[in-house]
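Here's a quick tour of one protein model. Have a look at it first, and then we'll walk through a few spots together.

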Amino acid sequence: MGKKRDSKICIMIVPHTEKVRRLTIPRWLPKIFMAAVLTTITGVYLAFNNIYTSHISLEEEYDQKISIINKLEEENRKKDIELSKLKSENKDLYETTNEVEEKLAEIERLQREIEKKVGIKSPSRGGGMLDDPPQEITEPVEELQVLKEVLEEKERELIIFIDDLEKRLEYLKTVPDLWPTKGRLSSTFGNRKNPFGRGIKFHYGIDIANSIGTDIWAAGSGRVVFSGYKAGYGNTIIIDHGNGYKSYYAHNSKLLVNRGDRVEKGQLIAKMGNTGRSTGPHLHFEIHKGGKAIDPLTVLK
Ligand SMILES: [Zn+2]
């Protein structure tokens with residue numbers, strides 16, 4: 001064994017019953033064994049450590065993900081708030097648009113009513129707005145732009161309309177359509193029995209009978225072209241209204257305006273009388289259009 005002491009280890013197993021057993025192992029084996037055990041322990045430790053570390057990093061990753069999700073959710077909430085704000089703004093705009101449209105429709109209606117009353121037409125009656133339903137427009141900015149254009153177009157139209165209207169109203173003021181006095185219609189325009197003699201005589205106006213001194217008003221605005229005594233007519237006033245119209249007021253007791261005076265429709269111009277060829281106090285009223293006497297009842301309102 002002497003030489004082999006360096007290379008071998010002898011293990012003797014001594015049981016109580018059986019005979020001794022001898023086990024010979026190489027001297028390096030325990031070292032290898034210890035080394036293997038140490039390596040294994042180290043390996044297991046490292047493995048566990050690795051798993052633990054990766055678990056920690058997974059947890060960290062998880063936490064990060066959660067915080068990102070939270071952030072995203074927060075952003076989403078903000079977006080929702082913004083969206084609902086936008087929606088409500090859009091609703092406000094929609095309501096405003098509707099209101100403006102209602103107002104425009106009302107303006108159209110009034111315009112048409114005025115047109116009918118004064119007998120003119122607007123330059124254009126484009127209901128562009130009413131033809132295009134607002135549902136087709138999705139962008140609020142776009143809708144506002146359309147609304148702005150419609151309103152500008154309407155404004156242009158109304159400016160022209162008002163101008164036409166003013167001209168028309170100015171013209172209407174000149175039309176001698178106001179009853180020139182109060183009283184009883186005692187004679188109409190046309191053929192009638194001659195009140196001063198025999199036969200039929202054409203009556204170029206209407207007679208309105210009342211007491212002496214009853215107010216006589218200008219039937220329309222214009223300029224006084226005659227104020228004085230006229231054979232047959234007595235104290236007479238003639239007003240030139242322009243546009244081919246003239247009105248005659250005869251048999252007055254008093255004349256209150258002079259030749260050249262500018263008179264307004266409804267202005268007091270004379271007092272009823274019985275001057276000239278008259279059978280009693282009354283106003284003889286004539287309207288001439290284009291130099292010809294026409295039936296005043298076709299003009300008076
Ligand atoms: Zn008469």
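Is Asp207 buried or exposed? Asp207 is buried, because its relative accessible area is 6% (buried means under 20% relative accessible area, exposed over 50%, partly exposed in between, with a 1.4 Å probe and protein chains only).

A word on the ground rules: this is a predicted model, where local features need pLDDT of at least 70, side-chain atom pairs count only at pLDDT 80 or more, and totals for chains, interfaces and linings use all residues. Residues are numbered from 1 along each chain as its sequence is written, and side-chain values use heavy atoms, with hydrogens and water left out.

**Buried residues**

| Residue | Relative accessibility |
|---|---|
| His203 | 4% |
| Thr181 | 5% |
| Asp207 | 6% |

**Thr181**

Thr181 sits in the loop between α3 (140-174) and β3 (184-187); helices (H or I, at least four residues) and strands (E, at least two) are DSSP runs, numbered from the N terminus. Its side chain reaches the backbone oxygen of Asp215 at 2.7 Å. Setting aside neighbours within four places in sequence, Thr181 is in contact (heavy atoms within 4.5 Å) with residues including Ile208, Trp217, Met272 and Leu283.

Technical notes: Polar contact = N/O pair within 3.5 Å; in protein donor to acceptor, adjacent residues only side chain to side chain.
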